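Subject: Structure handover and notes

Hello,

Please find the structure below. My notes on what was found in it follow.

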Amino acid sequence: MYSISEVVELTGMSQHTLRLYEREGFFVNKVQRDSRGNRAYDESDVDWLQRLGILRAAGMPIAEISRYVQL
């Protein structure tokens with residue numbers, strides 16, 4: 001499991017972006033929490049975030065990513 005700080009390092013995304021993606025429902029599965037209530041990401045979450053990062057880098061708007069995630 002990875003903390004939000006570790007995921008920031010691995011993906012290059014900000015904590016704000018990670019929280020936004022969670023609020024918008026962009027994760028395939030609900031983000032887990034550790035025993036203290038902190039976000040705990042697994043390897044599949046990190047992989048998914050890297051894919052979302054590629055879409056954003058290609059210029060895909062958030063609204064289109066939301067549509068993509070729903071598909």
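Which side chain meets that of Arg39 in a salt bridge? The side chain of Glu22 does, with N to O at 2.5 Å. A salt bridge here is a side-chain nitrogen of Lys or Arg within 4 Å of a carboxyl oxygen of Asp or Glu.

Before the rest, some notes on the source. This is a predicted model, in which local features need pLDDT of at least 70 and side-chain atom pairs count only at pLDDT 80 or more, while totals for chains, interfaces and linings use all residues. Residues are numbered from 1 along each chain as its sequence is written, and side-chain values use heavy atoms, with hydrogens and water left out.

Salt bridges

There are 4 salt bridges in the structure. Helices (H or I, at least four residues) and strands (E, at least two) are DSSP runs, numbered from the N terminus.

Glu22 also forms a salt bridge with Arg33, where the closest N and O atoms are 3.6 Å apart. This pair links distant parts of the chain, with Glu22 in helix α2 and Arg33 in strand β1 (residues 32-33), 11 residues apart. Glu22 counts as partly exposed because its relative accessibility is 21%, and Arg33 is partly exposed at a relative accessible area of 43%. The cut-offs are under 20% relative accessible area for buried and over 50% for exposed, with partly exposed in between (1.4 Å probe, protein chains only).

Another salt bridge joins Asp47 and Arg51, with the closest N and O atoms 3.1 Å apart. Both residues lie in helix α3, 4 residues apart, which is about one turn of the helix. Asp47 is partly exposed, with a relative accessible area of 33%, and Arg51 is partly exposed at 48%.

Helix packing

Two packed helices are described by the angle between their axes and the distance between the axes. Helix α1 (residues 4-11) packs with helix α2 (residues 15-23) at an angle of about 105°, and their axes are 9 Å apart. α1 is therefore roughly perpendicular to α2, a label that covers 65 to 115 degrees; under 35 counts as roughly parallel, over 145 as roughly antiparallel and the rest as oblique. Axes are lines fitted to C-alpha atoms, for helices over the stretch in contact, and angles run from 0 to 180 degrees between N-to-C directions.

On the α1 side the contact is made by Ile4, Ser5, Val7 and Val8, and on the α2 side by Gln15, Leu18 and Arg19. Contact means heavy atoms within 4.5 Å. These residues divide into 4 nonpolar, 2 polar and 1 charged. Ala, Val, Leu, Ile, Met, Phe, Trp, Tyr, Cys and Pro count as nonpolar, Asp, Glu, Lys and Arg as charged, and the others, Gly among them, as polar.

Nonpolar core

In soluble globular proteins, nonpolar side chains tend to be buried together. The largest nonpolar core has 15 residues, of which Val7, Leu18, Tyr21, Phe27, Tyr41, Leu49 and Leu52 touch the most other members. Such a core is a set of buried Ala, Val, Leu, Ile, Met, Phe, Trp, Tyr and Cys residues joined through side-chain atoms within 4.5 Å. α1, α2 and α3 (43-57) each supply at least two residues of this core, and α3 gives the most, with 5 residues. Leaving out residues up to four places away in sequence, Leu49 touches Val7, Thr11, Met13, Leu18, Tyr21 and Phe27.

Other residues

Ala40 is in strand β2 and counts as buried at 7% relative accessibility. Ala40 and Ile4 are 36 residues apart in sequence, with their C-alpha atoms 7.0 Å apart.

Ile65 is in helix α4 (residues 62-70) and is buried, with a relative accessible area of 0%. Not counting residues up to four places away in sequence, Ile65 touches Phe26, Leu52, Leu55, Arg56 and Met60.

Ser3 is in the segment before α1 and is partly exposed, at a relative accessible area of 30%. Beyond four places away in sequence, Ser3 touches Arg39 and Tyr41.

Regards
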